[in-house]
Amino acid sequence: MCYHPDLEDDARAMLEPLKTETPLMRLHAAEIRLNVMRMIIGKGKGHSGGALSMVEILTALYFAVMRLDPDHPHHPDRDRFLLSKGHACTALYATLAQRGYFPVSTLDTYYDLNSYLGGHPVQGLPGVELATGSLGHGPPVGLGMAVAAKMDGKKHRVFVLVGDGEIQEGVVWESALFAAHHRLDNFVMIIDRNGLQSDAVTEELLSIEPIEGKFRSFGWACKTVDGHDLDALNQVLSSVPFEAGKPSLLIAKTVKGRGVDFMENVVTYHNTGPAPGTDEARRALEQLERRRAELAQESGSGS
Amino acid sequence: MAAEWSTFNPREEFGKVVVGLGRERDNCMVLAADLARTCHVLGFRDACPDNFLNVGICEQNMVGMAAGLAFEGKVPIVTSIAPFIYMRACEQVRTDVCYNNLHVLFVPILSGLSGAPLGSTHYGTEDLAVMRSFPNMKVLQPSNALQIEKAILEAYDAEGPVYIRLGSGQEPDVPSQPEGPMIGRAIHLREGAEVSILATGYMVHKALEAADRLAREGISAGVWDHPSIKPIDAPALRAALSGSSAAVKLIVTLEEHNLCGGFASAVAEQLAKTGSPVPLEMMAIPDLFVGVGSREDLLQLHHLDSESIARRIIVRIETP
């Protein structure tokens with residue numbers, strides 16, 4: 001399923017990160033964010049807050065950090081990415097479309113009957129490795145991929161993006177023990193630290209801090225970054241492993257609902273969006289469109 | 001257990017088979033969760049150390065990792081005590097492995113009451129119900145040493161996830177040789193005109209013993225071994241309905257599993273489709289938590305010894 005022995009030699013040689021310039025990455029992020037909101041408002045359903053919070057993380061990964069080839073999504077040497085917080089899938093779909101895995105028009109099929117763009121990622125959509133979204137499941141599956149890479153002498157890395165509330169799942173700590181014990185420095189876990197979970201602020205509901213201290217004591221190399229600063233994300237994610245012989249943890253401090261002023265840091269936007277046809281929906285799209293247009297003008301890309 | 005059966009040890013057979021597989025197949029891996037000694041896979045560890053992972057007491061992480069390894073082309077054989085796979089890591093089995101249709105072999109030991117007298121924490125009495133409800137999953141239950149080897153080798157060369165239910169201790173090595181594939185096929189062990197006893201796993205020898213007892217009472221009972229719980233052998237079920245001549249008076253299912261959702265349910269689902277007029281007697285562990293005792297004592301307590309089975313059949317066919 002992931003092996004393409006007939007892959008052309010020129011494709012094999014191509015796998016390098018894009019190294020996109022920052023202004024263009026900002027524009028990509030703005031377009032991704034706008035498409036996220038178009039999907040969610042278009043179908044009246046979706047997890048908006050955590051999708052908007054991780055847009056820059058995905059933009060940095062797909063446009064600057066990861067070795068990948070949208071024309072060969074199963075390239076054996078590609079870096080693997082798992083969206084463990086799969087409920088935020090609209091941001092992944094929009095990023096994959098932006099990166100050229102499939103046409104942006106495919107985003108219109110979000111939530112349609114038999115679409116590959118459902119409420120959580122599934123196999124079949126180019127760029128999605130396998131189905132994810134039950135919280136806590138991404139790290140172990142990613143570890144399996146990382147172990148296989150080490151066994152086979154492969155150089156690719158495995159990036160797993162988890163939610164901050166997600167690390168309340170016990171299995172995350174089983175995998176934290178394993179990754180450190182087996183010195184899996186090809187394994188990178190990114191926490192989208194937007195501070196909110198489905199019902200409340202994480203620190204009010206079930207405290208997870210100090211995250212860095214916990215993972216350090218488990219034997220991980222940890223860093224924290226502004227999760228909306230593309231330069232900083234690019235720089236830190238391009239420096240993995242943070243320490244040889246250790247798994248890397250990046251805590252990306254983000255704002256849930258980022259980009260739409262009335263949605264930011266609002267708990268209830270976890271699994272909803274502005275209802276279609278409402279003033280909120282119109283304002284959300286306006287704000288994101290305005291931001292996209294500003295950045296397009298700045299980068300000289302026109303509209 | 002009657003004295004005349006030669007016996008085999010399921011864990012030892014499993015251990016032997018995986019060593020052979022590991023030596024021949026580069027991608028074969030064995031994953032254990034601190035029960036490698038108990039599951040008899042230390043031989044594999046010694047023969048193929050690079051392909052062996054003892055993940056610690058972390059079954060959920062083990063099964064999730066198995067999914068990732070399988071995605072990358074490895075063939076993980078995951079072993080533990082049954083409840084720690086089908087319950088502790090249940091969601092990983094279903095969502096990571098089955099949903100993604102990944103080729104992982106689950107080979108639990110201590111299924112049924114073979115872990116007796118450890119208590120229900122360690123009995124595997126609901127696994128057939130749970131595992132056969134997952135799309136893509138195949139569920140096998142070998143009844144002798146030969147079938148263990150055949151099941152594992154066939155599952156290894158199949159696609160998608162396979163659950164191979166093993167017992168523990170010394171078990172009767174019943175003469176039940178599959179001809180051709182095991183997956184989806186039952187084995188007709190004994191012709192019979194009046195009753196068809198369909199059994200699986202450890203209970204196959206009880207079915208044969210019960211059929212002997214019934215013969216002494218002048219009742220002709222046929223016996224079928226069903227090592228493939230899912231897919232079930234539907235043609236064999238149709239054949240069992242007709243016996244050696246006319247329609248049988250009774251179909252009996254026999255399993256070391258909770259009455260809910262296991263082999264009996266799988267048979268009943270098929271028979272319901274055919275509109276079978278033949279009564280079905282489901283012999284299984286009642287829907288309760290079985291207590292402490294030896295395996296044989298517990299089976300007898302719940303009327304699953306061969307004498308009780310024969311007696312229940314006589315009562316049932318004499319009082320329709």
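## What counts as a contact

Two residues are in contact if their C-beta atoms, placed from the backbone, lie within 7 Å. The structure described here is a predicted model.

## The two domains of chain B

Chain B has a domain 1, covering residues 7-172, and a domain 2, covering residues 187-318. The centres of domain 1 and domain 2 of chain B, taken over C-alpha atoms, are 26 Å apart. Across the boundary between them, 26 residues of domain 1 of chain B are in contact with 28 residues of domain 2 of chain B.

Which elements of chain B each supply at least two residues of the side of domain 1 that touches domain 2? They are helix H6 (127-131), strand E6 (138-140), helix H7 (145-157) and strand E8 (171-172) of chain B. The largest share of this side of domain 1 of chain B comes from E6(B), with three residues. Sorted by class, the side of domain 1 of chain B that touches domain 2 of chain B holds 12 nonpolar, nine polar and five charged residues.

## Where chain A touches chain B

The contact between the chains involves 23 residues from chain A and 22 residues from chain B. On the side of chain A that touches chain B, two or more residues are given by helix H6 (138-151) and by helix H7 (170-181) of chain A. H6(A) gives the most to this side of chain A, namely nine residues.

By class, the side of chain A that touches chain B consists of 15 nonpolar, six polar and two charged residues.

Methods
Residues are numbered from 1 along each chain as its sequence is written. Chains are lettered from A and ligands numbered from 1 in the order in which they are written. This is a predicted model: local features need pLDDT of at least 70, side-chain atom pairs count only at pLDDT 80 or more; totals for chains, interfaces and linings use all residues. Domain bounds come from an automatic or database domain assignment. Helices (H or I, at least four residues) and strands (E, at least two) are DSSP runs, numbered from the N terminus. Ala, Val, Leu, Ile, Met, Phe, Trp, Tyr, Cys and Pro count as nonpolar, Asp, Glu, Lys and Arg as charged, and the others, Gly among them, as polar.
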